[in-house]
Amino acid sequence: ELGEFVQIGHGAVVGARAKLAEGVLVGAGAIIAPGVKIGKDAQIGPGTLVLQDVEEEAIVFGLPGKVM
């Protein structure tokens, strides 16, 4: 499920049943695991592996992803 104004970079993968709220930015090559929820205006860095839900306005980077 994708909210309005979501941006998904080249080569990014969004798993089944993942929910991306309004204004989410997913960097190139990032992977969002199935069923994960990404909060409004959150940013996922390039190449990041997201295995857990992300709160609103969080910035996440790394393998696995960690909030900065």
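Start with E56, which is exposed, at a relative accessible area of 56%. Exposed here means over 50% relative accessible area, buried means under 20%, and partly exposed is in between (1.4 Å probe, protein chains only). E56 sits in the loop that links β8 (49–50) to β9 (59–61).

A word on the model: it is predicted, so local features need pLDDT of at least 70 and side-chain atom pairs pLDDT 80 or more, while totals for chains, interfaces and linings use all residues. Residues are numbered from 1 along each chain as its sequence is written, and side-chain values use heavy atoms, leaving out hydrogens and water.

Now zoom out. The protein has 0 helices and 10 strands, counting DSSP runs of H or I with at least four residues as helices and of E with at least two as strands. With a radius of gyration (over C-alpha atoms) of 10 Å, close to the 11 Å from the globule rule for 68 residues, the protein is as compact as a globular protein of that length. That rule is 2.2 Å times the number of residues to the power 0.38. Of the 68 residues, 29% count as buried.

Finally, V67 belongs to strand β10 (residues 66–67), and V67 is exposed at 59% relative accessible area.
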